Amino acid sequence: MLVIMSLDERRDRIDHERPIWPQVAADIERDIRAGTLRPGSRLPTEDELATQYGVARNTVRRAVEDLRERGLLETFHGRGTYVASQPST
């Protein structure tokens, strides 16, 4: 079953006085660790996440890249970004 991350408003989770991309990455990671985003769940597009968090697309791209490097997300060209089947601990 495909689960897609909801597009609820998350702007209030960002402190613009601190580096932003680590905050976005940490917020998504919290949802993964809490089970809110289960393995196989598809994340919204970078544009949608940027709107959701009220940040630039490049900020989201860097956060997703970090999570991918740490084994929490997988990106498939033309299909999107998903929570990894076996998220790293």
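**Labels against cut-offs**

Student: Why does Arg61 count as partly exposed?

Tutor: Its relative accessibility is 34%. Buried means under 20% relative accessible area, exposed means over 50%, and partly exposed is in between, with a 1.4 Å probe and protein chains only. So Arg61, at 34%, counts as partly exposed.

Student: What kind of model do these values come from, and how are residues numbered?

Tutor: This is a predicted model: local features need pLDDT of at least 70, side-chain atom pairs count only at pLDDT 80 or more, and totals for chains, interfaces and linings use all residues. Residues are numbered from 1 along each chain as its sequence is written, and side-chain values use heavy atoms, leaving out hydrogens and water.

Student: What makes Glu46 and Arg61 a salt bridge?

Tutor: The rule asks for a side-chain nitrogen of Lys or Arg within 4 Å of a carboxyl oxygen of Asp or Glu. In Glu46 and Arg61 the closest N and O atoms are 3.0 Å apart. That is within 4 Å, so the label holds. Glu46 lies in helix 2 and Arg61 in helix 3, so the pair ties together parts 15 residues apart in sequence. Glu46 is partly exposed, at 23% relative accessibility.

Student: How many salt bridges does the rule give?

Tutor: The count comes to twelve. Among them is Glu9 with Arg11, at 2.7 Å, N to O. Glu9 is partly exposed at 48%, and Arg11 is partly exposed at 43%. Salt bridges that share partners also join Arg10, Arg13, Asp27, Arg30 and Asp31 into one network.

Student: Where do Glu29 and Arg33 lie?

Tutor: Both lie in helix 1, four residues apart, about one turn of the helix.

Student: Is Glu29 buried or exposed?

Tutor: Glu29 has 18% relative accessibility, so it counts as buried.

Student: What makes a run of residues a helix or a strand?

Tutor: Both are DSSP runs, numbered from the N terminus: helices are H or I with at least four residues, strands are E with at least two. The chain has three helices and two strands. Along the sequence they follow the pattern α-α-α-β-β.

Student: How do you know that the span of helix 3 agrees with its residue count?

Tutor: The expected span is 1.5 Å times one less than the number of residues. Helix 3 has 13 residues, so it should span 18 Å. Its end C-alpha atoms are 18 Å apart, which agrees.

Student: Which residues of helix 3 are buried?

Tutor: They are Thr59, Val60, Ala63, Val64, Asp66 and Leu67. They cover an arc of only 155 degrees around the axis, which puts them on the same side of helix 3. The arc is that of the directions from the helix axis to the C-beta atoms. Asn58 and Glu69, on the other side of helix 3, are exposed.

Student: Why is Asp66 called buried?

Tutor: Its relative accessibility is 13%, so it counts as buried. Asp66 touches Trp21 and Ala25, not counting residues up to four places away in sequence. Contact means heavy atoms within 4.5 Å.

Student: What about helix 2: which of its residues are buried?

Tutor: Leu49, Ala50, Gln52 and Tyr53 are. Their arc is only 160 degrees around the axis, which puts them on the same side of helix 2. They pack against helix 1 and helix 3.

Student: What makes a set of residues a nonpolar core?

Tutor: Its members are buried Ala, Val, Leu, Ile, Met, Phe, Trp, Tyr and Cys residues, joined through side-chain atoms within 4.5 Å. The largest such core here has 18 residues. Val24, Ile28, Ile32, Leu43, Tyr53 and Leu73 touch the most other members. Helix 1 (20-34), helix 2 (46-53) and helix 3 (57-69) are the elements that give this core two or more residues.
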